[in-house]
Amino acid sequence: MAKSLPGKTRVVIIGGGIIGCSLAYHLTKLGWRDVVLLERKKLTSGTTWHAAGLVREMLGSRVLTRLAQISMALFKTLEAETGQATGLKQNGSLGIAANAARWEEHRRSAGLARALGVEVELIGPKEARDLYPLLNVDDVLGAVYFPNDGQTNPADTTMALAKGARSGGARIFEDTKVTGVLIENGRATGVLTEQGEVKAEYVVNCAGMWAREVGLMAGVAVPLHACEHFYVVTEPMEGVHAKLPVLRDMDGCAYFKEDAGKLLIGAFEHHAKPWGMDGIPEDFAFDELPEDMDHFMPVLEGAMRRIPSLEKVGIRTFFNGPESFTPDNRYLLGEAPELRNFFVAAGFNSIGIQSAGGAGQVLAAWIVEGEQPIDLSALDIRRMQPFQNNKTYLFHRASEALGLLYDMHWPYRQCETARGVRKSPLYEGLKARGACFGEVAGWERPNWYAPEGVEPKYEYSYSRQNWFDYSAAEHRAVREAVGLLDLSSFAKFLVQGPDAEAVLQRLSANDVAVAPGRVVYTQWLNERGGIEADLTITRLAEERYLVVTGAAVAVHDLDWLKRNLPEDARVTITDVTSGLTVIGIMGPNSRALLSRLTDTELSNAAFPFGTAQDLEIGFAPLRALRITYVGELGWELYVPSEFAPGLLDTILAEGDDFGLKPVGMHAMDSLRLEKAYRHWGHDITCEDTPLEAGLGFAVRLDKNVPFIGRDALLRQKEAGLTRRLVQFALEDPEPLLYHDEPIFRDGEVVGQLESGNYGHHLGRAIGLGYVHHPDGVDAEFVNSGVYEIEVAGTRHAARASLRPFYDPRSERVKA
């Protein structure tokens with residue numbers, strides 16, 4: 001290890017676990033030799049040293065799988081490169097299914113794995129027993145087998161990464177605790193340690209369980225909390241050998257791996273034990289937590305039923321150690337929105353070893369290049385809301401997060417802990433109407449409405465869930481009459497000042513130099529032409545705009561706005577989300593309903609699509625925007641929050657005459673998919689351009705302001721497109737689509753669905769997905785193919801279209 005702490009470096013990495021060492025390694029691979037890693041105690045002494053060391057090529061999403069694949073490729077060459085043994089062996093992994101729901105989950109996962117180039121086999125109970133002779137398969141329906149998965153030694157792999165980093169010029173200091181973060185003009189400029197100060201251009205928080213504490217030093221929210229993670233190691237067992245695959249019995253909350261002729265059995269139980277509520281002890285290093293056999297025993301009893309020979313073998317080791325978990329079970333990566341040049345890689349939710357190579361590589365590229373090398377929105381720390389750093393919130397959510405790793409990954413699954421955090425003023429009124437609430441960014445939002453006499457509670461399934469028919473009725477109400485939606489969770493930013501137009505024109509691909517009262521749909525792009533935000537901008541006055549975007553991307557989009565604000569811009573930005581409640585009135589009867597409630601003329605001539613006006617309903621002053629996300633005539637009503645409950649009562653009192661029905665978010669999603677409206681984070685991301693996404697109509701390449709990403713779009717337009725976002729509809733009305741289902745064109749995989757739902761008006765499942773072809777994708781290519789969508793291992797014929805299946809000319813929207 002290095003001995004003399006430098007006074008200055010280019011990058012300081014805080015934390016010497018596998019993540020910090022991987023980042024140091026990858027930064028040196030990109031040519032940055034001036035890298036310093038600081039570890040409070042010894043390398044691996046936090047969580048890395050006691051990790052199980054499981055490595056997989058397939059994880060729960062496309063981005064996690066991409067990073068796991070990078071890790072596996074690195075680990076296969078790391079020992080030869082560095083001379084440091086890693087202990088990697090590819091003995092495969094086996095996931096069993098003992099019920100129909102898990103078997104469908106495995107079949108869906110296998111389809112995506114094949115589409116992503118991961119070798120996978122779906123096998124029966126006998127084949128599973130052949131691979132794992134110790135296994136009791138009496139209740140097993142099938143299994144998924146990944147032959148290239150395996151295990152590695154976490155400490156040795158970390159040491160290999162550290163050795164590779166040092167070979168590239170990085171300096172590593174153990175027993176060097178960071179006590180503070182240096183900040184100047186909103187940027188991290190170095191760290192304070194017990195040995196002195198280190199100036200740096202970049203500071204990276206890879207502090208694992210301590211990452212929240214380090215974040216607070218810098219004024220940065222890093223929402224994670226440690227939980228106790230249990231495993232036992234048996235005495236040597238007959239039949240346990242080095243080539244035995246890793247076994248996952250997810251319904252038994254257990255994993256099994258060979259460990260020098262013994263069996264290690266680990267648990268991801270449904271209700272975990274949070275740890276470290278009063279802080280982590282100062283001297284904590286290579287420490288174990290107290291045993292709790294009562295807590296672990298249900299998992300161990302299930303393990304003995306699954307592997308009966310365990311009943312005859314002793315336990316050599318009972319281990320309990322802490323690992324950190326985030327509120328949504330995805331790790332935190334990227335530059336913090338609160339502080340420039342302060343990056344985070346933490347909260348790995350027990351997949352840190354298998355993610356380390358990929359996470360280190362992409363974060364190094366992000367730091368060096370100044371932008372995400374691939375779409376990392378699902379992991380971007382900017383998806384987190386400030387309140388999620390609340391200790392009480394994290395304590396309650398962490399107890400659920402650990403178990404979700406192995407619990408059923410149901411479509412539409414809602415977290416049960418740390419709920420009721422953010423409620424709109426409409427909450428109680430809509431709850432009385434039977435609302436079943438879901439949670440996004442802490443907001444309680446009606447997802448569907450239970451009729452009288454039905455409990456508003458989810459019954460999960462991969463088939464039609466208990467709310468399917470209720471949501472279908474809401475969907476039809478919007479198509480045929482009128483629906484009311486609580487859209488209050490929309491993020492809303494006032495952009496004001498003499499330079500407001502100039503700032504937004506540079507950011508926006510569309511033209512926002514419009515007259516007051518106009519609503520503009522636009523994207524904000526990066527320099528590659530990728531979509532960083534998808535939103536509406538309403539010009540309220542000459543120097544005042546209202547920017548409206550989704551609840552889940554509030555922090556991300558506000559950060560993108562602020563980071564692209566010139567230092568001398570005469571602009572103020574105010575988050576007014578909580579001050580404005582939003583009620584959507586959508587459907588062919590919306591004009592008639594609202595006309596009964598206001599004196600303002602709502603005809604097409606007086607109030608055209610894409611405009612905003614102030615009006616009054618009852619006692620409430622409000623601003624109405626004629627805009628839609630459901631593909632029907634309608635208005636969004638923005639009202640000061642204190643007037644919202646009264647406004648809701650006024651509308652509901654008159655609604656019956658027009659067929660008004662409260663409508664939840666599930667119906668809004670099915671409605672928008674019928675109209676092929678895009679959703680950022682699913683259908684469009686920073687890797688997708690407006691031209692690829694079919695959003696060229698919202699781009700003004702000829703406007704007199706060179707907006708960010710314009711040059712990239714001009715180059716792409718000249719070169720032609722090799723991928724296009726396409727709408728699909730299954731021919732068979734029975735199967736359901738969610739997302740990630742493989743798309744086949746003429747028998748070949750050409751992409752995956754980005755989002756899916758059931759089109760109740762169309763009478764079939766629908767989805768959006770990119771079709772890829774290296775020689776180009778145009779209308780002729782799309783229209784000439786024969787398409788199938790794979791659902792749980794079965795291919796279903798599908799129609800494809802570049803135009804919306806529903807109201808392709810938007811005649812209903814503009815009626």
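The model is predicted, so local features need pLDDT of at least 70 and side-chain atom pairs count only at pLDDT 80 or more, whereas totals for chains, interfaces and linings use all residues. Residues are numbered from 1 along each chain as its sequence is written, and side-chain values use heavy atoms, with hydrogens and water left out.

**Strand β12 and its partners**

- Strands β12 and β15 (residues 262-267) pair in the antiparallel sense over 3 bridges; two strands pair if DSSP finds at least two bridges between them.
- Strand β17 (residues 315-325) pairs with β12 in the antiparallel sense over 10 bridges, and P322 of β17 is the bridge partner of E228.
- Strand β16 (residues 274-275) pairs with β12 in the antiparallel sense over 2 bridges, with A226 opposite W275.
- Strand β12 (residues 225-234) is mostly covered, 10 of its 10 residues being buried (under 20% relative accessible area with a 1.4 Å probe, protein chains only; exposed is over 50%, partly exposed in between).
- In a regular strand the side chains alternate between the two faces of the sheet.
- H225, C227, H229, Y231 and V233 point one way from β12, and A226, E228, F230, V232 and T234 point the other way.

**Helices α1 and α8**

- Helix α1 (residues 18-29) packs against helix α8 (residues 352-369) at an angle of about 45°, with their axes 8 Å apart; axes are lines fitted to C-alpha atoms, for helices over the stretch in contact, and angles run from 0 to 180 degrees between N-to-C directions.
- The two helices α1 and α8 are therefore oblique to each other (angles under 35 degrees count as roughly parallel, over 145 as roughly antiparallel, 65 to 115 as roughly perpendicular and the rest as oblique).
- The contact (heavy atoms within 4.5 Å) involves residues including I19, L23 and L27 of α1 and I353, A356 and G360 of α8.

**Residue A359**

- A359 lies in helix α8 and is buried, with a relative accessible area of 2%.
- Leaving aside its neighbours within four places in sequence, A359 is in contact with L67, Y331, L333 and F348.
- The C-alpha atoms of A359 and L64 are separated by 9.1 Å, although these residues are 295 residues apart along the chain.

**The barrel**

- The 6 strands close into a barrel in the order β34-β37-β36-β35-β38-β39, with antiparallel pairing.
- The twist averages 40° from one strand to the next.
- Strands β36 (residues 748-759) and β37 (residues 764-772) pair over 6 bridges, and S755 stands opposite L768 in β37.

How values were computed: Helix = DSSP H or I, 4+ residues; strand = E, 2+ residues; numbered from the N terminus.
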